[in-house]
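The following questions and answers are intended for a student who is learning to read a protein model. Please consult the sequence and the structure while working through them.

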Amino acid sequence: MVISRRQVHLYSFVILAIVLPLCFIAGLVWRPTFAPVDASADALFQKAGFAPSFTWENQEVWRKPTLLKQDQIQLRAEKVFAKAGGDPFLNLQPQSDLQLPDVLVYWQQGDTPPEALSETSILLGALSGASNRQFLIPAAMQGQPGHLLLFSQATKEIISAFPLDPDLTQSER
C-alpha cells in the first residue's frame with residue numbers, strides 16, 4: 001500500500017473515532033421525549049371497549065368463574081362489574097396459549113351454534129395467548145342466550161362456538 005493512502009486511512013479513522021461517539025451522544029441528548037398516556041386518552045380506550053383503570057381498583061366479581069370447554073380450547077369466563085360506572089364486563093382468559101392466528105371474539109344470539117358469522121354477530125374484541133381480557137357487554141347482548149364465537153381472521157372461519165349462559169350477560173348483579 002502506498003504511504004499516502006496509509007496516512008489518509010489513519011486520519012479518516014481518527015476522525016471517525018472522535019465524531020461517531022459525539023454524534024451518538026448528541027442523538028441521545030436531543031431525542032424527543034414522549035409523554036405517557038394520561039387521563040385524556042381514557043375516552044379512546046372506552047371507545048375501544050376498555051374500562052378506565054380507575055374503575056378496576058374496586059371491581060366486583062359477580063360469581064364463580066365458568067369454564068368453557070370445546071375441543072382443545074378452554075376459556076375461563078366471569079362477569080365483572082366496574083364499581084364506578086356499574087357497567088358489566090365479560091372477563092375471558094384462555095387456560096393455555098391460543099395457538100391460533102388473529103383470533104377475534106364475537107357473540108351471536110341463538111340456541112344453536114352458528115356455522116358462519118352473520119350480520120347480527122357482535123364483535124367484542126381480540127384475544128391472544130393466555131392473557132386475561134375484559135370485554136364490555138353491550139346492551140344488545142345483555143340477558144340474551146347466545147354463543148361466544150372465536151373467529152380466526154387469517155383462516156376466515158369460526159374456530160369454536162361456546163354456548164354462553166344468559167346469566168353471564170345480565171346487567172344486574
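Q: Among contacts in the protein between residues at least 6 apart in sequence, what percentage join residues at least 24 apart?
A: The model considered here is a predicted one. The contacts in question are those between residues at least 6 apart in sequence. Of these, the share that joins residues at least 24 apart is 58%.

Q: In which order do the elements of the protein run from the N terminus on?
A: The protein has 2 helices and 9 strands. Starting at the N terminus, the order of these elements is α-α-β-β-β-β-β-β-β-β-β.

Q: What percentage of the residues of the protein count as buried?
A: A residue is called buried when its relative accessible area is under 20%. The protein has 173 residues, and the part of them that counts as buried is 31%.

Q: Which residues touch the most other members of the largest nonpolar core?
A: The largest nonpolar core has 21 residues. Strand 3 (73–81), strand 4 (88–94), strand 5, strand 6 (122–126), strand 8 and strand 9 (157–164) each contribute at least two residues to this core. The members that touch the most others are Leu75, Leu90, Val105, Leu124, Leu148, Leu150 and Leu164.

Q: How many residues does the second, separate core have?
A: A further core lies apart from the largest one, and it includes Tyr106, Phe151, Ile158 and Ala161. The size of this second core is 6 residues.

Q: Is the aromatic pair of Tyr106 and Phe151 stacked or edge-to-face?
A: A search of the whole structure finds 1 aromatic pair. Tyr106 and Phe151 form this pair, with 6.0 Å centre to centre and 90° between the planes. Because planes over 60 degrees apart count as edge-to-face, the pair of Tyr106 and Phe151 is edge-to-face.

Q: How many residues apart are Tyr106 and Phe151?
A: Tyr106 lies in strand 5 (residues 103–109), whereas Phe151 lies in strand 8 (residues 146–152). Their pair links distant parts of the chain, and the two residues are 45 residues apart.

Q: Is Ser160 buried or exposed?
A: Ser160 is located in strand 9. Leaving out residues up to four places away in sequence, Ser160 touches Gln70, Ile73, Leu148, Leu149 and Leu150. Its relative accessibility is 3%, and therefore Ser160 counts as buried.

Q: Why does Val19 count as partly exposed?
A: Val19 belongs to helix 1 (residues 3–30). Together with Leu10, Tyr11, Val14, Ile15, Ile18 and Leu22, Val19 forms a nonpolar patch on the surface, with about 690 Å² of accessible area together. Val19 counts as partly exposed because its relative accessible area is 37%.

Q: How far apart in space are Pro88 and Pro138, C-alpha to C-alpha?
A: Pro88 has its place in strand 4, and at 5% relative accessibility Pro88 counts as buried. Pro88 and Pro138 are 50 residues apart in sequence. In space, C-alpha to C-alpha, the distance between Pro88 and Pro138 is 8.6 Å.

Q: What is the value that phi of Lys156 is near?
A: Lys156 is found in the loop between strand 8 and strand 9. Lys156 is exposed, with a relative accessible area of 61%. Its phi is a positive value in a residue other than glycine, near 55°.

Methods:
Residues numbered from 1 in each chain as written. Predicted model: local features only at pLDDT ≥ 70, side-chain atom pairs only at ≥ 80, totals over all residues. Heavy atoms only, no water. Phe/Tyr/Trp six-rings, centres within 6.5 Å; stacked < 30°, edge-to-face > 60°. Helix = DSSP H or I, 4+ residues; strand = E, 2+ residues; numbered from the N terminus. Core = buried A, V, L, I, M, F, W, Y, C linked by side-chain atoms within 4.5 Å. Buried < 20%, exposed > 50% of the residue type's maximum accessible area, 1.4 Å probe, protein only. Patch = residues over 30% accessible without salt bridge, like charges linked within 9 Å, V, L, I, M, F, W, Y side chains within 5 Å. Areas by Shrake-Rupley, 256 points an atom, 1.4 Å probe, with all protein chains shown as cover. Salt bridge = Lys/Arg side-chain N within 4 Å of Asp/Glu carboxyl O. Contact = heavy atoms within 4.5 Å.
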